[in-house]
Amino acid sequence: MIYQDSKPILQVHGLCATVNGIEILKDLDFTVKSGEVHAIMGPNGSGKSTFAKVLAGHTAYEVTAGSVLFEGKNLFELEPDERARAGVFLAFQYPIEIPGVANSQFLRLSYNTVQAQRGHEELDPLEFDDFVREKMKLLEMSPNFLDRSVNEGFSGGEKKRNEILQMALLDPRLAILDETDSGLDIDALRVVAEGVNQLATKDNAIILVTHYQRLLNYIVPDFVHVMEAGRIIKTGGKELAVELESRGYDWVGVENNATMALS
Amino acid sequence: MSQVLQDLVNRPYKHGFITDIESDVAPKGLNEDTIRMISAKKSEPDWLLEFRLKSYQAWLKMEEPEWANVHYPKIDLQAISYYAAPKQKPKLNSMDEVDPELLRTFEKLGVPLHERMALAGVAVDVVFDSVSVATTYKAKLAEVGIIFCSMSEAVMEHPELVQKYLGTVVPTGDNYFAALNSAVFTDGSFCFIPKGVKCPMDLSTYFRINTEETGQFERTLIIAEEGATVSYLEGCTAPAFSSNQLHAAVVELVALDNADIKYSTVQNWYAGDEKGVGGVYNFVTKRGLAKGVNSRISWTQVETGSAITWKYPSVILRGDNSVGEFYSVAVTNHLQQADTGTKMVHLGKNTRSTIVSKGISAGRSNNSYRGLVKITPPAAGARNYSQCDSMLIGEQSGANTFPYIQVRNNSAQVEHEASTSKIGEDQLFYFAQRGIDAEAAVSMIINGFCKDVFQQLPMEFAVEATQLLGLKLEGSVG
């Protein structure tokens, strides 16, 4: 939702980033204010996921130019774990499996670490159990997820629900959902989307990275951006996603090139 | 690999200090005279000297084994001393007569010897270089008929028991290092749990090598008679010397009908520095004979130290329905090499064995699991379950699994599972993205990986093992 006088959460200026020496992000500009939901769409290889990982601080990516301010502060001065504790959350496209570590244990350590940073009280295992079960209802997850190893043997849909559960626990200021819709059947998509909708407030912001318009039927974005070759080439409202779905990404590229040729 | 991981795996060894104490050290070199000297120092009976000499003769004809996946320069057995003992009064009447320097050493190692401050509920025999210096709670155990003392004392006080069982599980000519041990062993622990007695406390031995260029050849013998049960713990440390020290132990366990022996080890010998200089060569033969029906022998080991580990705690399942278990965590770092595993030899009917092995390799170390499951023709209905998991930390470490399975009875069921995983950037990034720093992440991953084995350790040891891994691979314990 777009609010009057809302503060910027994320300000990206001229961002360039490489992986293994190959430039993926090229002069990217992007601003997100609190309360807003942004969708970033684009074909494979356009740099959407790279952008998400650069924001979270993945070490495989090197930032070569540009700046990113998170709530007015230089994001690149923070280590990945510090960014997370400051309120940057990334729902992974491919959540990592951690054999032998119980989900409940992992979730509690994560939750308490972030709570401690915020000066809030940590929860003991029993208190946390009550708290997490309540959050799990939101995503229609069975409590037996708590006893299983983190993501191990989870189906694609279960992994994605587990990601959104973590978002619900950590209550981030900025949530980046990297292809959260991929691998979800229609029922799971609905549940996950409803979960995300309930977590959206006027104090936080959400960036949805997705290929398809399908997810945007459930989580309605305030802005839709089209990314190609490492930069945003078109920005519009929610209707842009519908147009993309029917006309394909080539259309934007052609139109954009035409616009640039004219100017 | 990230700097954080590097720092985590490179924590210093905290037991590397040397105790300044006057010692009686035998001249270097090995021959029949060395053996006679050791035997004479201990005023041993003739049968034991003969046992030693026979072993020596067998050893002379044997070759050092080269099949293990470990590489080191040939050990010059003439360049080490076979006996080193702190000088003290020949016969100690109470703990108060133990050299205060020794008491301080063991206190520093976390093993206080005064019973009033001793570890609650654990009787300890401490072996310093070649001799046992003290045993706690001896009198209390004697009340229920349990004999717990040093091997030297057992030879003097209970020769009939020692003679009856010594060498029956690991014969003198069993292998190169066992034969060497049988010839020159100096001390170790002796435990005898009589028929029907459940040992009221954990028994434990703490081994400390202090003198440079000595070999520690300990010999431990544990006997549980019909229906007896005992839990035994073993801990080991050594100073950080730049030379290598040889530790070639033999441990024999005998479980009669319905007896139960649980043997747990936390091995933390000095592992050498990050360049591979120094460290203990740990060549150990440990074997249990589940002799009686329904007997059970369980080995649990946490191997974190030593430059080289060559160790296969095994169970011979002779009694019908007997059970053998092997739970192992082996951690190697820097240039450490470990070739460790077990042998489960099924002779009796309906015998069962379980093997759970967890290998963790960091730095440029190499960690191999080597295990034999042998089902012989009479072992009808025998079952084995083996699980061997390896975890790699960083890009330069190695892990291997060498399972040998021989089944000669059609009614046997044998299962083997193996996996290899890696703590990589992606796993750490996932933790970081949830606010958890690398140190806490590694701790959580390692503890999760080792959980099945740590659950088998007695409480005090589980805490120690977790802390040890903490020192070795991480800072905090989650």
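Author: The largest nonpolar core has 192 residues, and those with the most contacts inside it are F89(A), I176(A), A224(B), V230(B) and L253(B). A nonpolar core is here a set of buried Ala, Val, Leu, Ile, Met, Phe, Trp, Tyr and Cys residues joined through C-beta atoms within 7 Å, and a residue is buried if 20 or more other C-beta atoms lie within 10 Å of its own, exposed if 12 or fewer, and partly exposed in between, with C-beta atoms placed from the backbone. The model is predicted, so local features need pLDDT of at least 70 and side-chain atom pairs count only at pLDDT 80 or more, while totals for chains, interfaces and linings use all residues. Residues are numbered from 1 along each chain as its sequence is written, and chains are lettered from A and ligands numbered from 1 in the order in which they are written.

Helix 10 of chain B gives the largest share of this core, 11 residues; helices (H or I, at least four residues) and strands (E, at least two) are DSSP runs, numbered from the N terminus. A224(B), leaving out residues up to four places away in sequence, touches I193(B), T229(B), V230(B), A255(B), L256(B), A259(B), D260(B) and I261(B), where contact requires that the C-beta atoms of two residues, placed from the backbone, lie within 7 Å.

In chain A, I176(A) has I207(A) of strand 10 as its bridge partner. Strand 9 (residues 174–178) and strand 10 (residues 205–210) of chain A run parallel and are joined by five bridges; two strands pair if DSSP finds at least two bridges between them. Both belong to an open sheet of six strands in chain A, whose order is 6-9-10-3-11-12 and whose pairing is mixed. The edge strands, each pairing on one side only, are strand 6 (88–91) and strand 12 (231–236) of chain A, and the twist from one strand to the next averages 20°. Helix 5 (residues 156–170) of chain A lies across strand 6 and strand 9, running at about 165° to strand 6 of chain A, with axes taken as lines fitted to C-alpha atoms, for helices over the stretch in contact, and angles from 0 to 180 degrees between N-to-C directions.

Helix 5 of chain A also meets the buried residues of helix 3 of chain A, which pack against helix 2 (80–86), strand 7 (98–102), helix 4 (125–138), strand 8 (149–150) and helix 5 of chain A together with helix 10 of chain B. Those buried residues include F106(A), L107(A), L109(A) and V114(A).
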